[in-house]
Amino acid sequence: MPDVEIRGAYKKFGSNVVLNGIDLDIQQGELLTLLGPSGCGKTTTLNVIAGFLDIDQGEVYIKGKKMNKVPPYKRDLGMVFQTYSLFPHMTVYENLNFGLSLHKVEKAERKRRIAYAMELVKMVGLEGRYPREMSGGQRQRVAIARALVVQPKLLLLDEPLSNLDAKLRHELRIEIKRLQKELGVTTIFVTHDQEEALSLSDRIVVMNKGNIEQIGTPGEIYQHPKTEFVFHFIGKSTRMDGVVKSIDRQSIQVQTQTGLQVSADPNNIMGEDRRLQAGDEVKLYIRPEKISLHMAADQPSLDNAHKGMITQMNYLGSAWEVEVSLSGEAIQSLCPAVNPAWSVGSEVYAGWQSPDMMLIKK
Ligand code: ATP
């Protein structure tokens, strides 16, 4: 039985439908991320699970029990928000102790649990500090400890890392993942940051305008997006427009508007209408890291390889971002290294494999 089940959840604010009848199962011990652009309904979904918001239609179950009329404090949850939600007039110890005393946990047990939680978030020694005496990262660690100390059935995290700088965000992301796996606590994490979702999650739920676009592992979402929205929301891409010349079970031949002949994989058709035939207009998408650049001489065997000219080169430290014009088609490539002789104007071959290209009927 899933830890959380949402059935047909529908929620409207005025005339604005923010949850359009969503269904979602969250398995025990998994870290599930709700990912999507601002306003797509992530926080609303979390608030519905937490009990801060009632739905107009549908049901929410936690551990098999219907929760629709159960208030938040009876749902056995730990929550962490984007803004620091610690009590400012209490020390770290008092912040952690607060929830435990509400739960009427006996004193010796409280002490033991607080010590354990402080160890988990690597904050031992800072028990006497006030929130104002700590950095943003430290405060979020305490907020996580406070959520965990009550040993919740569910841990709900609403963009907990958004207010931190990039380095700290990365550090805490790794910490949260480690902690979550160590404790095995079922966790729902809201974010609009695709990298955060890919690196943290067991499964990702991509949301758009109150609907679920796709649910899958990070690999499934990145490699096999079901819709154009998911493809665009996760990662970068180059788009080409073309017409299907021929199609069989193994491959689809497309001629782009600029005259390139490209070969695509019939398994990679996105969208609702996946039946293609010769003459159909399509959009082709390919991610920059899937495009490799070669000298003519050392070109490996690729399903697609076209001669072009470098039009832009940007050094990113760990990789190069290179734009290549293939008979007028501007293609973005991300390469770990480039030939030192290459510069803007150099002739190169850009290549990729058919399964790396996604397509959708126009
Ligand atoms: P963000 O990343 O910006 O937090 P989100 O995906 O979490 O976005 P929600 O907070 O769930 O989005 O909001 C979904 C929609 O519902 C938005 O259009 C928002 O303006 C609207 N909304 C949320 N709460 C309320 C409310 N209490 N009253 C009216 N409209 C609301």
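**View A. Phe98, a partly exposed residue of helix 2**. Phe98 has a relative accessibility of 33% and counts as partly exposed, a class that lies between buried (under 20% relative accessible area) and exposed (over 50%), with a 1.4 Å probe and protein chains only. The model is predicted: local features need pLDDT of at least 70 and side-chain atom pairs count only at pLDDT 80 or more, whereas totals for chains, interfaces and linings use all residues. Residues are numbered from 1 along each chain as its sequence is written, and side-chain values use heavy atoms, with hydrogens and water left out. The chain holds four aromatic pairs, where the rings of Phe, Tyr or Trp (its six-membered ring) have centres within 6.5 Å; planes under 30 degrees apart are called stacked, over 60 edge-to-face, and the rest tilted. One of these pairs joins Phe98 to Phe87 in an edge-to-face arrangement, at 4.8 Å centre to centre and 65 degrees between the planes. Because Phe87 belongs to the loop between strand 6 (77-80) and helix 2 (92-102), and Phe98 to helix 2, the pair ties together parts that are eleven residues apart in sequence. Helices (H or I, at least four residues) and strands (E, at least two) are DSSP runs, numbered from the N terminus. Phe87 is also partly exposed, with a relative accessible area of 26%.

**View B. Phe231 and Tyr285, a tilted aromatic pair**. The ring centres of Phe231 and Tyr285 are 5.3 Å apart and the planes stand at 40 degrees, so the pair is classed as tilted. Phe231 is in helix 8 (residues 228-233) and Tyr285 in strand 14 (residues 281-286), and this pair links distant parts of the chain, 54 residues apart. Both Phe231 and Tyr285 are buried. Arg287 lies over the face of Phe231, at 4.1 Å from the ring centre. A charge sits over a ring if NZ of Lys or CZ of Arg is within 6 Å of the ring centre and within 35 degrees of the ring normal. Elsewhere in the chain, Arg132 lies over the face of Tyr130, at 4.9 Å from the ring centre.

**View C. Helix 2 and what covers its buried residues**. Val92, Asn95, Leu96, Asn97, Gly99 and Leu100 are the buried residues of helix 2. Their cover includes helix 3 (107-120) and helix 4. Just after helix 2, Lys104 takes a positive phi of about 60 degrees.

**View D. Asp76 and Gln151, two loop residues with positive phi**. Asp76 is a residue other than glycine, yet its phi is near 65 degrees, a positive value. Asp76 lies in the loop between strand 5 (65-66) and strand 6 and is partly exposed, with a relative accessible area of 28%. Gln151, likewise not a glycine, has a positive phi of about 50 degrees. The loop that holds Gln151 runs between helix 4 (136-149) and strand 7 (154-158).

**View E. Val121, a buried loop residue**. Val121 lies in the loop between helix 3 and helix 4 and has a relative accessibility of 2%. Apart from its neighbours within four places in sequence, Val121 is in contact with Arg141, Ile144, Ala145 and Leu179; contact means heavy atoms within 4.5 Å. Val121 and Leu179 are 58 residues apart along the chain, and their C-alpha atoms are separated by 8.0 Å.

**View F. Met357, a buried residue of strand 20**. Met357 is found in strand 20 (residues 357-361) and has a relative accessible area of 0%. Beyond its neighbours within four places in sequence, its contacts include Met240, Val262, Ser263, Ala264, Asn268, Leu284, Tyr285, Ile286 and Trp352. The C-alpha atoms of Met357 and Leu284 are separated by 6.8 Å, although these residues are 73 residues apart along the chain. Tyr285, among the contacts of Met357, is the residue that pairs with Phe231.

**View G. The whole chain, as a setting for the close-ups.** The chain contains eight helices and 20 strands, and its C-alpha trace spans about 75 × 50 × 35 Å along the principal axes. Of its 362 residues, 49% count as buried. Among contacts with a separation of 6 or more, 67% come from residues 24 or more positions apart.
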